[in-house]
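Here is a friendly walk through one protein model, from its loops to its helices and its charged pairs. Please keep the sequence and the 3D view open as you read.

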Amino acid sequence: MHDARLDNNTLHLSRIFDAPRERVFDAWVNRDQFVRWMCPPGVEITLCEVDARRGGAWRIDGRNEQGVFASSGVYLEVARPERLVFTWAHHADGDYSRTRGHETTVRVELRALGERTELTLIHGPFTDAEDFACHDEGWVGSFDKLIAFLGRAA
């Protein structure tokens, strides 16, 4: 069970991970770790770039049953190990030369709970309930993969 709600077209998710805050933070900012858990099951990431510093960019290419996709953004805030804030937008037809779609902001807050970490993700605003639901499903699947990843040695 996860906590998700649509509040002013913004997704709020909370999850507790059985790993120290530094380790969870590293999974978000280290390219080799990020590529292993980002995106829900059934999605293959074919390109991943992470430059986790204020003003740095990130991007992922991938494919699933529906076809190819490309997403990118810029880091607005990187406060190790408690917070990341970055923009997020999809590129039409998985093509970076095409105009980016509606841009949202992702805020990741990490709170230490001893050797565990509470992660709160705030993502939005979305244009409609369908976009909200797709991202909710995507983040839940990604977090399930992150739980499995954090259970292994880095």
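P125 sits in the loop between β8 (116-124) and α3; here helices (H or I, at least four residues) and strands (E, at least two) are DSSP runs, numbered from the N terminus. The peptide bond that leads from G124 into P125 is cis, with omega near -5 degrees. This is a predicted model, in which local features need pLDDT of at least 70 and side-chain atom pairs count only at pLDDT 80 or more, while totals for chains, interfaces and linings use all residues. Residues are numbered from 1 along each chain as its sequence is written, and side-chain values use heavy atoms, with hydrogens and water left out.

A cis bond also joins R80 and P81, with omega at about -5 degrees. P81 belongs to the loop between β5 and β6. For backbone geometry, please look at C39 as well: its phi is near 85 degrees, a positive value in a residue other than glycine. Most residues other than glycine have a negative phi, and most peptide bonds are trans. C39 is found in the loop between α2 (31-37) and β3 (44-50). With a relative accessible area of 6%, C39 is buried (buried means under 20% relative accessible area, exposed over 50%, partly exposed in between, with a 1.4 Å probe and protein chains only).

Let us turn to the helices. How do the axes of α1 and α3 cross? Helix α1 (residues 21-29) and helix α3 (residues 129-150) have axes that come within 12 Å and cross at roughly 120 degrees. That makes α1 oblique to α3. Axes are lines fitted to C-alpha atoms, for helices over the stretch in contact, with angles running from 0 to 180 degrees between N-to-C directions. Angles under 35 degrees count as roughly parallel, over 145 as roughly antiparallel, 65 to 115 as roughly perpendicular and the rest as oblique.

Which residues meet where α1 contacts α3? From α1 come R23, V24, A27 and W28, and from α3 come W139, F143, L146, F149 and L150 (contact means heavy atoms within 4.5 Å). By class, this contact has eight nonpolar, no polar and one charged residues; Ala, Val, Leu, Ile, Met, Phe, Trp, Tyr, Cys and Pro count as nonpolar, Asp, Glu, Lys and Arg as charged, and the others, Gly among them, as polar.

Helix α3 also holds H135, which counts as buried at 9% relative accessibility. Leaving aside residues up to four places away in sequence, H135 touches L11, W88, H90, H123 and F126.

Now for the charged pairs. The structure holds twelve salt bridges, each a side-chain nitrogen of Lys or Arg within 4 Å of a carboxyl oxygen of Asp or Glu. Among them are these:

| Salt bridge | Closest N and O atoms |
|---|---|
| R80 and D26 | 2.3 Å |
| D51 and R53 | 3.0 Å |

What does the bridge of R80 with D26 tie together? R80 lies in the loop between β5 (67-79) and β6 (83-91) and D26 in helix α1, so the pair ties together parts that are 54 residues apart in sequence. R80 is partly exposed at 43% relative accessibility, and D26 is partly exposed at 23%.

In the second pair, D51 counts as partly exposed at 30% and R53 as partly exposed at 47%.
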